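Please read the following account alongside the sequence and the coordinates. It takes up a few features in turn and says where each one sits.

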Amino acid sequence: MRISDISKHEGDKVSIFCWLIGKRSSGQIHFLQVRDGSGYCQLTVVKGEVDDVLFEKCGHLAIETAFRAQGLAVRQEKAKFGYEILLKNIEIISEPDKEYPIPRKPSGPDFLLSMRHLWLRSPKQSAVMRIRSKIIESIREFFKKEGFYCVDTPIFTPSACEGTTTLFKVDYFDENVFLSQSGQLYNEANALALEKVYCFGPVFRAEKSKTRRHLTEFWQVEPEWIFADIDSIMETSQNLIMHVLSAVLEENRNDLDILERDIKPLEAVKTPFPRMSYNKSVELLKEKGFEIEWGSDYGSPEETEISKNSDSPICIHRFPAHIKAFYMKSDPVDPKLSLGVDVIAPEGYGEIVGGGVREEGIEILEQRIKEHNLPKEDFQWYLDLRRYGSVPHGGFGLGLERTVAWICGLQHVRESAAFPRMMDRIKP
Ligand code: 4AD
Ligand code: MG
């Protein structure tokens, strides 16, 4: 049995595999707190009910002893996890010969991150990973339901997608290539083959930002489809976010409890998400006393202020063209603007989605490639997509770790990856 299924086994003789995470003794009785990968429960060992050698042994088990336990599963209101197993026997698999290096008292983030390989075992960190797993599952479920094919894109790439300042260079035999910043350009090729596609994998940004929202390696899910206009891009990102959030609220209550996540703000999220033009958002920020000029990009303080205006994520659309990537289509109504959208998460979690309509005009793209100092030769294949069977298309990218951080209510995006990569952290 896995511990998460214990309620189905009330009154049964059960056997679990577990690790010891804590213990308490009162002479005649030992309470052992244990975990497996799915949850937590208490093992109760009563003197006289088990043989004396076993009773003695249970009083001296070290934290992180791995063992199998057999006993009777019972409901126990008073137990921390609601259930206990009245222990009959144990079979030890391994016993640490040193004290567990992570103390029970709170430790600082630097120490914990250096112990990430062990820290992951703690209840909160495991709860985040279970929620992350659910989010990935529900993302794939959403795109399957919507008729998208999963077609993944390469990580070694010859050129930039999101600007040349955040590229990681790698040696590739006799050439320099880069780690992908986004699957988008290849995704566009895939969309023109298969109509509706998504890629889902790691992307890399050499971002010299030590903020609570930035990783150098993160996962993005990027749908791309033909005839996507800006409204359908906002609609699809809204529906994806809502699907993911509902799945977690429905199936990960326990994990949200372990994280002490206040779920009221999550339950308050409703569709349709508010939509606001960039122009309007600049006015709003000015009213709130921000010294912001039309044409500047947003940082965390601006995004946080915007998010205060709604319980639900807010879609900001039609950014100034010059602050967005080379591939963004200009708004035919006002060519200074681009048909791009960012979705800003509530509660100050910042941008979780970036996307938009892609430019189709070959001359415009050639001009932009020049303006952005991108190597023309490397984009010939991309321009072929406009030469042969071109149709309007677009899509977006949702950042997995920022979404996990928001839903879990984490202080910092680093806890949403098992082994986060940041400017100042590459180990373990
Ligand atoms: O806004 P971005 O840069 O958009 C793109 O890469 C587009 N090519 C996507 C597309 O249209 N197919 O990144 C998309 C999302 C952001 O909204 C954010 O959630 C996340 O990726 N993101 C990061 N997450 C963690 N650390 C970073 N350094 C991130 N940079 C972006
Ligand atoms: Mg963006």
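**A walk through the predicted model**

Lys 124 and Glu 260 are joined through their side chains by a salt bridge, with an N to O distance of 3.0 Å. The structure is a predicted model, not an experimental one. The two partners come from distant parts of the chain, 136 residues apart. Lys 124 belongs to helix 4, which covers residues 123-145, while Glu 260 sits in the loop between helix 7 (253-258) and helix 8 (264-267). Side chains of opposite charge can pair when their charged atoms come close. The pair Lys 124 and Glu 260 counts as a salt bridge because its 3.0 Å separation falls within the 4 Å cut-off. By this rule the model has 28 salt bridges.

Arg 121 pairs with Glu 64, and their closest N and O atoms are 2.8 Å apart. The chain is divided into domain 1, residues 3-94, and domain 2, residues 116-416. Six residues of domain 1 and six residues of domain 2 make up the contact. Between domain 1 and domain 2 the count is one salt bridge. There are also two residue pairs in polar contact between these domains, counting those with both residues at pLDDT 80 or more. On the side of domain 1 that touches domain 2, one residue is nonpolar, three are polar and two are charged.

The size of an interface is often given as the accessible area lost when the parts come together. For domain 1 and domain 2 the buried area is about 430 Å², and carbon and sulfur atoms give 46% of it. Within domain 1, the residues that lose the most area to domain 2 are Arg 35, Tyr 40 and Glu 64. Together these three account for 73% of what that side buries. Taken over C-alpha atoms, the centres of domain 1 and domain 2 are separated by 45 Å.

Next comes a sheet. Strands of a sheet pair through backbone hydrogen bonds, either parallel or antiparallel. Here three strands form an open sheet in the order 7-9-8, with antiparallel pairing. Strand 7 (156-157) and strand 8 (169-172) stand at the edges and have a single partner strand each, so one side of each is left without a neighbour in the sheet. Strand 9, residues 175-179, runs antiparallel to strand 7 and is joined to it by two bridges. Phe 156 has Leu 179 in strand 9 as its bridge partner.

Some backbone details remain. Most residues other than glycine have a negative phi, and most peptide bonds are trans. Which residues depart from this in phi? Glu 195 has a positive phi, near 70°, and is placed in the loop between helix 5 (184-194) and strand 10 (196-204). Asn 373, also not a glycine, has a positive phi of about 55°. Asn 373 lies in the loop between helix 11 (362-371) and helix 12 (380-387).

The bond from Thr 271 to Pro 272 is cis, with omega near -5°, and Pro 272 is in the loop between helix 8 and strand 12 (275-277). Lys 427 and Pro 428 are likewise joined by a cis peptide bond, its omega about -10°. Pro 428 falls in the segment after helix 13 (400-408).

Definitions and conventions. Residues numbered from 1 in each chain as written. Chains lettered and ligands numbered in written order. Heavy atoms only, no water. Domains from an automatic or database assignment. Contact = heavy atoms within 4.5 Å. Buried area = accessible area lost by both parts, 1.4 Å probe. Polar contact = N/O pair within 3.5 Å; in protein donor to acceptor, adjacent residues only side chain to side chain. Nonpolar A, V, L, I, M, F, W, Y, C, P; charged D, E, K, R; others polar. Pairing = 2+ DSSP bridges. Helix = DSSP H or I, 4+ residues; strand = E, 2+ residues; numbered from the N terminus.
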